[in-house]
Amino acid sequence: MRPIGTATRGTTNPNRLRRMDRWIAATHGPALRRAALPVAVDLGYGAAPWTAVELLERLRTAEPRTAVVGIEISPERVAAAQPYAREGLAFRHGGFEIPLPERPVLIRAANVLRQYDEGEVAAVWQRLCDRLAPDGLLVEGTCDEIGRRHVWVALGPEGPRTVTFATRLGSLDRPSDLAERLPKALIHRNVPGERVHAFLRDFDRAWAAAAPYTSLGARQRWITAVRALSGDWPLTDGVRRWRQGEVTVEWAALEPGRA
């Protein structure tokens with residue numbers, strides 16, 4: 001079967017996806033442990049296999065039986081990655097069809113859909129979710145080149161569940177700086193009248209109101225701002241994740257087209 005999709009630019013760096021990986025290990029670890037065969041997919045890992053290698057290391061802190069398969073649509077990238085294959089880590093040629101005999105417990109697609117049109121996203125999400133195990137998770141999102149700023153959507157077999165904003169707090173001027181890393185489903189919706197725009201506006205206001213906490217450090221300012229934000233927005237996490245420079249909100253609250 002011909003792979004479905006088109007090749008990405010392939011740019012990647014070590015530790016670029018560490019924030020996303022740590023969130024996955026923390027929140028999806030129980031599902032990995034429950035799985036009879038905990039297989040995770042790094043879809044579109046790029047010109048070098050660093051992200052797949054690191055995903056295996058980080059997920060094995062949650063479940064040592066985890067295996068990772070890196071999938072790339074470029075045969076040349078798959079061939080270049082083969083020297084890094086080892087027990088629990090394999091590389092295969094493929095695309096959105098996910099050419100595996102088993103259904104993975106995790107599919108991570110980072111910086112893959114930015115080159116696609118917004119109108120194509122829902123069909124790709126559906127195709128990938130259809131390949132998930134019943135307890136599986138799709139994590140699709142975008143980050144900057146060195147992993148300081150991320151935004152990702154988490155989806156189950158039934159569809160999108162949450163949106164997570166994550167950042168290195170020392171690099172942040174205001175929360176809306178993360179808008180440039182919104183995934184394709186949201187990045188063109190950061191305009192007045194859309195919910196994601198209202199969320200970032202309220203986040204900036206809460207951040208400004210928390211300015212007196214700056215003397216205690218960026219982490220305390222972030223926690224204070226997120227706690228204030230939780231009064232108006234359906235956040236799904238708590239202080240333990242906020243301390244990491246993260247905040248997760250229900251997808252339905254940001255879904256495009258909602259009044």
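Is Glu54 buried or exposed? I looked this up first. Glu54 is buried, at a relative accessible area of 10%; buried means under 20% relative accessible area, exposed over 50%, and partly exposed in between, with a 1.4 Å probe and protein chains only.

Before going on, I note the ground rules. This is a predicted model, in which local features need pLDDT of at least 70, side-chain atom pairs count only at pLDDT 80 or more, and totals for chains, interfaces and linings use all residues. Residues are numbered from 1 along each chain as its sequence is written, and side-chain values use heavy atoms, with hydrogens and water left out.

Entry on Glu54. I found Glu54 in helix H2 (residues 50-59). Helices (H or I, at least four residues) and strands (E, at least two) are DSSP runs, numbered from the N terminus. Apart from residues up to four places away in sequence, Glu54 touches Pro14, Asn15, Arg16 and Asp21, where contact means heavy atoms within 4.5 Å. I also noted that a polar atom of the Glu54 side chain lies 2.8 Å from the backbone nitrogen of Asn15.

Entry on salt bridges. I took a salt bridge as a side-chain nitrogen of Lys or Arg within 4 Å of a carboxyl oxygen of Asp or Glu. The count by this rule is 19 salt bridges. One of them joins the side chains of Asp21 and Arg58 (2.8 Å, N to O). Asp21 lies in helix H1 (residues 18-34) and Arg58 in helix H2, so this pair ties together parts that are 37 residues apart in sequence. Both Asp21 and Arg58 are buried. A network of salt bridges links Asp21, Asp42, Glu54, Arg58 and Arg108.

I then checked Asp177, whose side chain meets that of Arg149 in a salt bridge (3.9 Å, N to O). Asp177 sits in the loop between strand E7 (159-167) and helix H5 (184-187), and Arg149 in strand E6 (residues 149-156), so the pair ties together parts 28 residues apart in sequence. Asp177 counts as buried at 18% relative accessibility, and Arg149 is buried at 11%.

Entry on the sheet. I read an open sheet of eight strands with mixed pairing, in the order E3-E2-E1-E4-E5-E6-E7-E8. Strand E3 (89-93) and strand E8 (246-250) are the edge strands, each pairing on one side only. Two strands pair if DSSP finds at least two bridges between them. Strand E1 (residues 39-43) runs parallel to strand E2 (residues 67-72), paired over five bridges. Ala40 has Val68 in E2 as its bridge partner.

Terms used
Polar contact = N/O pair within 3.5 Å; in protein donor to acceptor, adjacent residues only side chain to side chain.
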